[in-house]
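Please keep the sequence and the model in view while reading.

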Amino acid sequence: MADFVSNDTGSTLLVTCVDKSDAVINLTGATIKLRWKSNAGAVVEKSMNIVSAAAGTCSYKFVASELYSPAMAFEIEITDSGGFTLSNTELITVTVRSQFA
């Protein structure tokens with residue numbers, strides 16, 4: 001089963017940020033960037049919204065043409081209130097099915 005459908009504009013990636021011991025990362029005062037490679041291979045960078053800082057959750061709602069099949073991989077970079085950065089060690093991978101024409 002696919003996680004997303006290409007060209008949808010209401011699909012949201014919801015992420016809970018955790019450390020290596022699976023403890024939630026508090027996102028209070030942080031900024032979060034989401035990165036992926038476009039279908040053409042260029043790196044795309046977007047800001048994520050914090051859903052719940054205490055719960056470590058953030059989200060990004062895709063716009064037209066950002067989702068493409070058959071699969072995508074994402075990197076998240078957290079910059080905390082002190083300016084320190086932390087990126088995920090494993091990419092977030094999703095499947096994307098083509099939209100019927």
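The sections below treat the basis of the model, a sheet, a pair of cysteines and a network of salt bridges.

## Basis of the description

The model is predicted, and local features need pLDDT of at least 70, side-chain atom pairs count only at pLDDT 80 or more, while totals for chains, interfaces and linings use all residues. Residues are numbered from 1 along each chain as its sequence is written, and side-chain values use heavy atoms, with hydrogens and water left out.

## An open sheet

Three strands, in the order E2-E6-E5, form an open sheet of 3 strands with antiparallel pairing; strands here are DSSP runs (E, at least two residues), numbered from the N terminus, and two of them pair if DSSP finds at least two bridges between them. Strand E2 (12–16) and strand E5 (49–52) each have a single partner strand and stand at the edges, so one side of each is left without a neighbour in the sheet. With direction ignored, neighbouring strands of this sheet are turned by 30 degrees against each other on average, the axes being lines fitted to C-alpha atoms and angles running from 0 to 180 degrees between N-to-C directions.

E2 and strand E6 (residues 57–61) run antiparallel and are joined by 5 bridges. Within this pairing, Thr16 has Thr57 in E6 as its bridge partner.

The structure holds 0 disulfides, a disulfide being a pair of cysteine sulfur atoms within 2.5 Å. For Cys17, the closest cysteine sulfur is that of Cys58, at 3.9 Å, which is too far for a bond. Cys17 is buried, with a relative accessible area of 5%, and Cys58 also counts as buried, at 0% relative accessibility; buried means under 20% relative accessible area, exposed over 50%, and partly exposed in between, using a 1.4 Å probe and protein chains only.

## Arg35 and its surroundings

Arg35 is found in strand E3 (residues 31–37) and is buried, with a relative accessible area of 18%. When residues up to four places away in sequence are not counted, Arg35 touches Val43, Val44, Glu45, Ala73, Phe74, Glu75 and Glu77, where contact means heavy atoms within 4.5 Å. With Glu45, the side chain of Arg35 makes a side-chain polar contact of 2.7 Å; a polar contact is a pair of N or O atoms within 3.5 Å, of which, within protein, one must be able to donate a hydrogen and the other to accept it, and residues adjacent in sequence count only if both atoms are side-chain atoms.

## A network of salt bridges

The structure holds 6 salt bridges, each defined as a side-chain nitrogen of Lys or Arg within 4 Å of a carboxyl oxygen of Asp or Glu. One of them joins Glu45 to Lys33, with the closest N and O atoms 3.8 Å apart; because Glu45 lies in strand E4 (residues 43–47) and Lys33 in strand E3, the pair ties together parts that are 12 residues apart in sequence. Glu45 is partly exposed at 41% relative accessible area, and Lys33 is partly exposed at 29%.

Arg35 also meets Glu75 in a salt bridge (3.0 Å, N to O), a pair that links strand E3 to strand E7 (residues 71–79) across 40 residues. Glu75 is partly exposed, with a relative accessible area of 27%. A further salt bridge connects Arg35 with Glu77, the closest N and O atoms being 3.3 Å apart, and this pair links E3 and E7 at positions 42 residues apart. Glu77 is buried, with a relative accessible area of 13%. Through shared partners, salt bridges join Lys33, Arg35, Glu45, Glu75 and Glu77 into one network.

Conventions: Helix = DSSP H or I, 4+ residues; strand = E, 2+ residues; numbered from the N terminus.
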